[in-house]
Amino acid sequence: MGLFGLTKQEIRFIVITLAILWSFAGINLLESQVLARDVQRKNDLKHIATALEAYRKNESGYPLEKDGKMFACFNSDNLRRVCDWGSDPLATTASSFINPLPEDPLEYKNEALYLYLANTRDYQLFSALEKKNDPEYNKNVYARKLPCGTKICNFSVTSGVSPTQELGSYPGKQ
């Protein structure tokens with residue numbers, strides 16, 4: 001007899017069973033974290049789109065784009081500059097539309113970034129979803145090979161223009 005009156009064979013069976021159960025729990029935890037990050041990405045781009053519509057109504061056009069980011073923030077001298085995801089607000093000198101601009105949940109690892117392409121009439125926002133079987137994963141967007149950090153963009157929210165249409169001057173294809 002071993003521990004708690006159990007034989008070594010019974011203890012081994014219990015340990016193996018618990019190990020299998022823990023492995024399933026770990027897989028489910030990782031899967032739920034991926035799903036949560038993808039939901040955040042979709043919601044972030046939709047919130048940014050709402051802010052862009054308010055900006056357009058106020059400024060008679062969407063912010064210009066520079067290097068895949070919005071060119072709509074101001075420095076201390078009130079000169080326009082590129083906005084940083086996660087820290088800068090989308091604002092004018094008179095109004096704030098979203099503060100701060102959201103950032104990809106993996107941006108802190110420099111793995112994934114949001115991408116903004118625009119002219120004053122239209123915009124395209126891009127992100128890289130982790131789940132390839134997500135219903136909103138867009139193979140046509142992926143085919144453009146636009147970089148969302150170290151990932152390839154595969155999800156978009158636009159002002160109505162097709163996400164496959166070339167827009168803006170961003171040359172950063174991978």
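# Exercises on disulfides, salt bridges and a sheet

Cys-73 has its place in strand β3 (residues 73-74). Strands (E, at least two residues) and helices (H or I, at least four) are DSSP runs, numbered from the N terminus. The model is predicted: local features need pLDDT of at least 70, side-chain atom pairs count only at pLDDT 80 or more, and totals for chains, interfaces and linings use all residues. Residues are numbered from 1 along each chain as its sequence is written, and side-chain values use heavy atoms, with hydrogens and water left out.

## Exercise 1. The surroundings of Cys-73

Task: Determine whether Cys-73 is buried or exposed, and state which residue forms a disulfide with Cys-73.

Solution.

Step 1. The relative accessibility of Cys-73 is 3%, so this residue counts as buried. Buried means under 20% relative accessible area, exposed over 50%, and partly exposed in between (1.4 Å probe, protein chains only).

Step 2. Contact means heavy atoms within 4.5 Å. With neighbours within four places in sequence left aside, Cys-73 is in contact with residues including Leu-79, Val-82, Cys-83 and Pro-89.

Step 3. The disulfide partner is Cys-83, with the two sulfur atoms 2.0 Å apart. A disulfide is here a pair of cysteine sulfur atoms within 2.5 Å. The torsion about the S-S bond of Cys-73 and Cys-83 is about 110 degrees, so this disulfide is right-handed. The pair links distant parts of the chain, Cys-73 in strand β3 and Cys-83 in the loop between β4 and β5, 10 residues apart.

Step 4. Cys-83 is also to be classified: its relative accessible area is 1%, and Cys-83 is buried.

## Exercise 2. The disulfides of the chain

Task: State how many disulfides the structure holds and what pattern they follow.

Solution.

Step 1. The structure holds two disulfides. In general terms, a disulfide is a covalent bond between the sulfur atoms of two cysteines.

Step 2. Besides the bond between Cys-73 and Cys-83, Cys-148 and Cys-153 form a disulfide with a sulfur separation of 2.0 Å. Its S-S torsion is about 100 degrees, so the disulfide of Cys-148 and Cys-153 is right-handed.

Step 3. Cys-148 is buried at a relative accessible area of 0%, and Cys-153 is buried at 0%.

Step 4. Counting bonded cysteines along the chain gives the pattern 1-2, 3-4.

## Exercise 3. Salt bridges between separate parts of the chain

Task: State how many salt bridges a search of the whole structure finds, and explain which parts of the chain the pair of Arg-41 and Glu-130 ties together.

Solution.

Step 1. The search finds 12 salt bridges. Each is a side-chain nitrogen of Lys or Arg within 4 Å of a carboxyl oxygen of Asp or Glu. Side chains of opposite charge can pair when their charged atoms come close.

Step 2. Arg-41 and Glu-130 form a salt bridge at 3.0 Å, N to O. Arg-41 lies in helix α1 (residues 8-59) and Glu-130 in the loop between β8 (123-127) and α2 (139-143), so the pair ties together parts 89 residues apart in sequence. Arg-41 is buried at 0% relative accessible area, whereas Glu-130 is partly exposed at 25%.

Step 3. These two residues belong to a network of salt bridges that links Arg-37, Asp-38, Arg-41, Asp-104 and Glu-130.

Step 4. Lys-69 forms a salt bridge with Asp-84, the closest N and O atoms being 3.3 Å apart. Because Lys-69 lies in strand β2 (residues 69-71) and Asp-84 in the loop between β4 (80-81) and β5 (90-91), the pair ties together parts 15 residues apart in sequence. Lys-69 is partly exposed at 25% relative accessibility, and Asp-84 is partly exposed at 34%.

## Exercise 4. The three-stranded sheet

Task: State which order the strands of the open sheet have, and which residue in β11 stands opposite Gln-124.

Solution.

Step 1. The open sheet of three strands has the order β7-β8-β11, with antiparallel pairing. β7 (115-118) and β11 stand at the edges with a single partner strand each, so one side of each has no neighbour in the sheet. The twist from one strand to the next averages 20 degrees.

Step 2. Two strands pair if DSSP finds at least two bridges between them; β8 and β11 pair in the antiparallel sense over four bridges.

Step 3. Thr-158 is the residue in β11 that stands opposite Gln-124.

Note on methods. Axes are lines fitted to C-alpha atoms, for helices over the stretch in contact, and angles run from 0 to 180 degrees between N-to-C directions.
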